Amino acid sequence: MGPEVNALLLLGLLYWAGDCEAQMTWQRLGQQPHRPWAERVADDRQAVESFPLDLTALEGNTESFMEQIQSLAQALYPCASQQPSEDLHLHLLLNKSVTCNDGSPAGYYLKESKGSGRWLIFLEGGWYCFNRDTCELRHSATPHLMSSKDWPRTRIGTGILSSLPEENPHWWNANMVFIPYCSSDVWSGASPKTKKNDYAFMGTLIIQEVVRELLDRGLAGGKVLLLAGSSAGGTGVLLNVDRVAKQLEELGYPAIQVRGLVDSGWFLDNKQYRHTDCFNTRTCAPKEVIQRGIKYWKGLVPEPCQRQFKEGEEWNCFFGYKVYPTVSSPLFVVQWLFDQAQLIVDNAYLTGQPMQEDQRLYVQNLAGELRHTLQNVSASFAPACFSHEVIIRSQWTEVQVNGTSLPQALHCWDRSLHRSHNASKAPLKGCPIHLVDSCPWPHCNPTCPTIRNQFTGQEVNMAQFLRRMGFDVPSVAQ
């Protein structure tokens with residue numbers, strides 16, 4: 001099909017998209033679309049200009065471009081007043097031997113996008129447990145993180161899992177997969193529940209089994225698989241992205257391009273601000289809890305990383321800056337410079353009282369350490385914000401670094417990978433993928449999300465926050 005036909009087809013479908021949206025809006029209001037022609041053209045033109053079609057697919061890849069056209073046509077037909085369903089539907093694994101901690105079957109939520117060659121698999125986060133006592137406490141407090149018995153039949157996709165273009169500008173038409181976290185092992189374990197083991201820890205096997213089942217549900221014809229995750233799920237991406245790529249290659253699908261998106265899973269094994277004994281997940285130093293956990297879970301780490309360390313020191317591979325140089329698959333790292341989970345395990349978390357000078361310096365130095373570890377990460381997005389997790393929040397499009405939002409940065413990253421896959425070495429002008437804030441204190445980035453009191457949930461205004469940080473607010477303002 002020639003470029004002229006492609007262009008005409010694109011313009012026709014985009015005009016149809018605008019007109020269809022206008023009809024849908026009026027039908028929702030219970031009115032007929034009898035408006036002046038000039039108003040309708042203006043509205044249609046606005047819809048066309050904002051429609052998130054990836055025109056980079058035209059760069060020597062007509063097949064990919066036509067996939068988008070097909071997906072767009074399917075999304076618009078029939079032109080009805082109902083919005084497409086946002087539900088992801090639960091599928092428990094057919095292989096019942098791959099389980100959650102309590103022995104119930106693991107599973108995943110799926111929303112298919114017929115005609116799309118892109119697949120997004122998201123690994124849920126949610127801390128961990130590292131011995132019998134902490135696992136029993138976890139099971140009583142958050143049973144859904146250790147068992148599938150009470151999982152709902154459907155979930156709503158939000159953020160990068162949303163099928164709404166306005167909420168998810170670049171990945172809205174992908175096949176969406178959400179894997180609930182019920183292994184409590186940072187997605188690293190491969191040990192079943194036995195008479196000797198009170199709990200199963202099978203995180204890495206759950207991922208492999210989900211991928212195996214998805215091949216029969218359309219992944220076999222896929223072009224790109226993005227393995228994403230937040231918090232413990234983000235660390236899980238670091239540990240498993242190459243394993244997934246190898247699995248697909250061994251099963252006969254080497255053409256599927258596997259990539260990783262790490263959200264708030266880039267932790268540091270640093271010294272705590274105030275040392276406390278290791279009683280639970282939130283008082284243990286990061287290094288100590290992983291040292292204990294990897295033994296309890298019988299956790300697995302990537303072989304290239306394991307070879308970098310002596311026997312018994314495999315725990316190092318749970319920390320992003322140590323495992324990243326050994327990962328072969330393309331990775332994009334999203335990390336708040338003032339990550340709440342990191343501050344909690346470092347015992348430097350903000351309370352209702354103003355910070356002492358040494359605590360404030362510790363927090364600022366922590367951001368500097370994170371910034372340093374991201375220097376050689378080619379694709380990264382690190383705002384100077386006090387927060388944790390972002391990619392499945394509905395407002396994930398709002399935060400910016402140097403004027404670029406996270407979806408825009410991911411789009412640039414996809415474009416760069418597309419060009420490198422097609423042997424193009426020409427640089428992408430005006431399309432940054434390494435975005436790290438340089439300002440020195442929390443929330444110096446004006447696009448940071450709202451700060452809330454961790455106990456009451458009430459919003460904390462910026463002046464209050466800076467005072468608690470120990471800053472002289474008038475001096476900071478100047």
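Buried, in this talk, means under 20% relative accessible area; exposed means over 50%, and partly exposed is in between, with a 1.4 Å probe and protein chains only. By that cut-off, 52% of the 478 residues in the protein are buried.

Ground rules next. This is a predicted model, so to speak: local features need pLDDT of at least 70, side-chain atom pairs count only at pLDDT 80 or more, and totals for chains, interfaces and linings use all residues. Residues are numbered from 1 along each chain as its sequence is written, and side-chain values use heavy atoms, with hydrogens and water left out.Now the overview. The protein has 14 helices and 16 strands. Helices (H or I, at least four residues) and strands (E, at least two) are DSSP runs, numbered from the N terminus. The accessible surface comes to about 22,300 Å². Carbon and sulfur atoms hold 52% of that surface. Areas come from the Shrake-Rupley method with a 1.4 Å probe; for residues, only the protein chains shown count as cover.

Contacts: heavy atoms within 4.5 Å. Take the contacts between residues at least 6 apart in sequence. Of these, 74% join residues at least 24 apart.

On to the sheet. Two strands pair if DSSP finds at least two bridges between them. Ten strands form an open sheet, in the order β4-β1-β2-β5-β3-β6-β7-β8-β10-β14, with mixed pairing.

Start at the β4 end. Strand β1 (residues 87-92) pairs with strand β4 (residues 154-156) in the antiparallel sense, over three bridges. Leu88 stands opposite Arg155 in β4. β1 also pairs with strand β2 (residues 107-111), again antiparallel, over four bridges. There, Leu90 has Tyr109 as its bridge partner in β2.

Now the β14 end. Strand β10 (residues 380-382) and β14 pair in the parallel sense over three bridges. Ala382 stands opposite Val436 in β14.

Angles here run from 0 to 180 degrees between N-to-C directions; axes are lines fitted to C-alpha atoms, for helices over the stretch in contact. Helix α5 (residues 203-215) lies across β1, β2, β3 (118-123) and β5 (175-179). α5 runs at about 40 degrees to β2. α6 packs on the sheet too, touching β3, β6 (224-230), β7 (257-263) and β8 (331-334). The direction of α6 makes about 155 degrees with that of β6.

Next, the core. A nonpolar core is a set of buried Ala, Val, Leu, Ile, Met, Phe, Trp, Tyr and Cys residues joined through side-chain atoms within 4.5 Å. The largest one has 117 residues. Which members touch the most others? Ile160 and Phe332. Helix α6 (residues 232-250) gives this core its largest share, seven residues. Leaving aside neighbours within four places in sequence, Phe332 has contacts including Leu261, Ala379, Phe381, Leu406, Trp413 and Ile433.

Stay in β8 for Val334. Val334 is buried, with a relative accessible area of 3%. Beyond four places in sequence, the contacts of Val334 include Leu261, Ser264, Phe381, Val390 and Leu406. Val334 and Ala379 are 45 residues apart in sequence, and 8.8 Å apart in space, C-alpha to C-alpha.

Ser405 is in strand β13 (residues 404-405). Ser405 is buried, at 6% relative accessible area. Outside four places in sequence, Ser405 is in contact with Phe381, Thr397, Val399 and Gln400.

Last, backbone angles. Most residues other than glycine have a negative phi. Val186 has a positive phi, near 55 degrees. Val186 lies in the loop between β5 and α5, and is buried at 3% relative accessibility. Ser264 has a positive phi as well, near 55 degrees. Ser264 lies in the loop between β7 and α7. Is Ser264 buried or exposed? Buried, at 0% relative accessibility.
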